[in-house]
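My entries follow in the order in which I looked.

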Amino acid sequence: MWHSGKGNQKVEEGEILKKFLVIVVILICASISVDILIESLGETLPSSASSIEEKTLFVVLGEGVVTNLTINMTGETGNISLEGEWIDGPAKVECAIEPLQALPPFTAKLTFAPFDKIGYYLYRVKAEGKNTTAYYDISIIVTDIGISISTDEENYTKGEEMSISGRITSVYGSAVKSANLTISCGEWKRFTTLHVNNGSFVYNYSISFGDPEGMWKVEVSTVDSVGNTVYKDIFVNVSLPENSVRYKVIFLSPPKGAVYQRGATFNVSVLVMSGDTGVTSLLTTCTLPSMEKINLTEIGDGYYRGEIKIPWDAEEGTWYLSVESINTENGFAGGSSSYISVKSAPLEIEILKPASNSIKYAEKVEFEVKVTYLSGEPVTDAVVRASLSDEEINFTNSGNGTYTAVYSPDRNTNYMLLSITAVDRYNNSGYLSRVFYLSYRSSIPLDIKMIAIILMAMGALGAVFYRTKRTMFAKHLEDVKRELDEIRRLQREAVIKYYREGTISRKTYDMLMQEYAKAYGELMDRYGELLAKMERNKFKWRKLKRKFKTPS
């Protein structure tokens, strides 16, 4: 007997089996396709590609240059082929690469033909293996300046003097009068200005027992005719001399990492010990980052002290101080180092004119300010600017730290918010903001005044006075409201300039918002006072009416 339920069940099982077989076939085909795709990609693309090395070369105009590249591509066992191309530059110069193919690791020699145009060039070498592709970028700066540098030795010990010499020449024949010398070892750094005489320079640096040991980089740099910084460096090794270090130098001040502003004065104090005993009669000096040596004075029992003033043009950042103590009789010595942080100095701005915050309206308002350092010394080379609403005015140097400017205010303006900035040539800066209130002469005609006198004579002085005063209060309130609206507008404008446009710095934004908040608070106080006065006068008038039964 045939059962319909069992027939339907067999049909459903057949359909499921067919769908399952279709899915299996699709998966097999997809797997084969992925394998083929991966294999094809493996044949056309390297498994990894990265920029391994970058180097910068300085070449004098009219000269060629030779440089080497070390090709060491981990995991590659077959030949590496090299290919070069120009990426950037005012002209293409012939470059020969030898060898063009070799087993890694190997060194490739690149020979560039003479360059006939000043500028920046970028040459890229592609190193391609079976599994890896690497890129070597060579930046070449062609300049009119040639620098050579050498030292009298390659190895030094502390306490010795290093003589640095060299030449700086220009292919155009123009004289180079100065250059920058930098000596560094890790974060430790020394720097000074070299005087170049007839293309030659010589500088002697006395290596302090407080200076670090290790490999030092000696670098000379200058600026060429198009503004590029050109440098040349060499390396020397500095170590401790044998059997000379007998003293322990302990820094007492300044505290390690202390922060000072330019123009500040700080003390350097050290204790020099041999075992547990302070050592006296030693020549103790402190070397500054500018390579200047400061003698420390003995104050007894192994204590030595000196005073250092940070110049207004001092380099910002970390200053490493090296102190050494030397016994000039037996040569025994000791040294130590510490560091401080130097920041730019704030400039003080004083407004000389107008003398008061409340000024009478005039077609032209004269401003005069004095700019000084914290010590009171006038700043004679500052750039002084001020903003008034949407306008900017530039101040003129009047000498001895004073600067003047003239501004024509709008007759509809009741106040002026003056924001002044001053920056000297060393990038020390100052800021000051002040609100000036403008008062206007009364323009009431004479007949109105006469009417007021007649009304006073007629005994209606109280009513007129009350109404006039109330009107004045109302006018003052409207003025204050307009000024409050203007402050709010300026606050919104500052927010847009900082957060949306990015046209002002965070420091300027904070100072503006602080001054706006101060001005807003002062205006709110005036607003409250005016409201209170109006209420008091309203109460007095009602009391007067009740006493004399004056009709309203």
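I began with glutamate 392, keeping in mind that I was reading a predicted model, and I noted that this residue counts as exposed at 57% relative accessibility. Its partner in a salt bridge is arginine 385, with the closest N and O atoms 3.9 Å apart, and I wrote down that arginine 385 is partly exposed at a relative accessible area of 38%.

I then turned to the whole protein chain, where I found four helices and 35 strands, and where buried residues make up 36% of the 552 residues. For the structure I recorded 12 salt bridges.

Which residue does lysine 158 meet in a salt bridge? I found glutamate 213, at 2.8 Å from N to O, and I noted that the two lie 55 residues apart, lysine 158 in the loop between strands E10 and E11 and glutamate 213 in the loop between strands E14 and E15. Lysine 158 is buried, with a relative accessible area of 6%, whereas glutamate 213 is partly exposed at 43%.

Next I looked up glutamate 316 and arginine 262, whose side chains meet in a salt bridge at 3.6 Å, N to O. This pair also links distant parts of the chain, 54 residues apart; I noted glutamate 316 as partly exposed at 38% relative accessibility and arginine 262 as buried at 7%.

Key
Residues are numbered from 1 along each chain as its sequence is written. This is a predicted model: local features need pLDDT of at least 70, side-chain atom pairs count only at pLDDT 80 or more; totals for chains, interfaces and linings use all residues. Side-chain values use heavy atoms; hydrogens and water are left out. Buried means under 20% relative accessible area, exposed over 50%, partly exposed in between (1.4 Å probe, protein chains only). A salt bridge is a side-chain nitrogen of Lys or Arg within 4 Å of a carboxyl oxygen of Asp or Glu.
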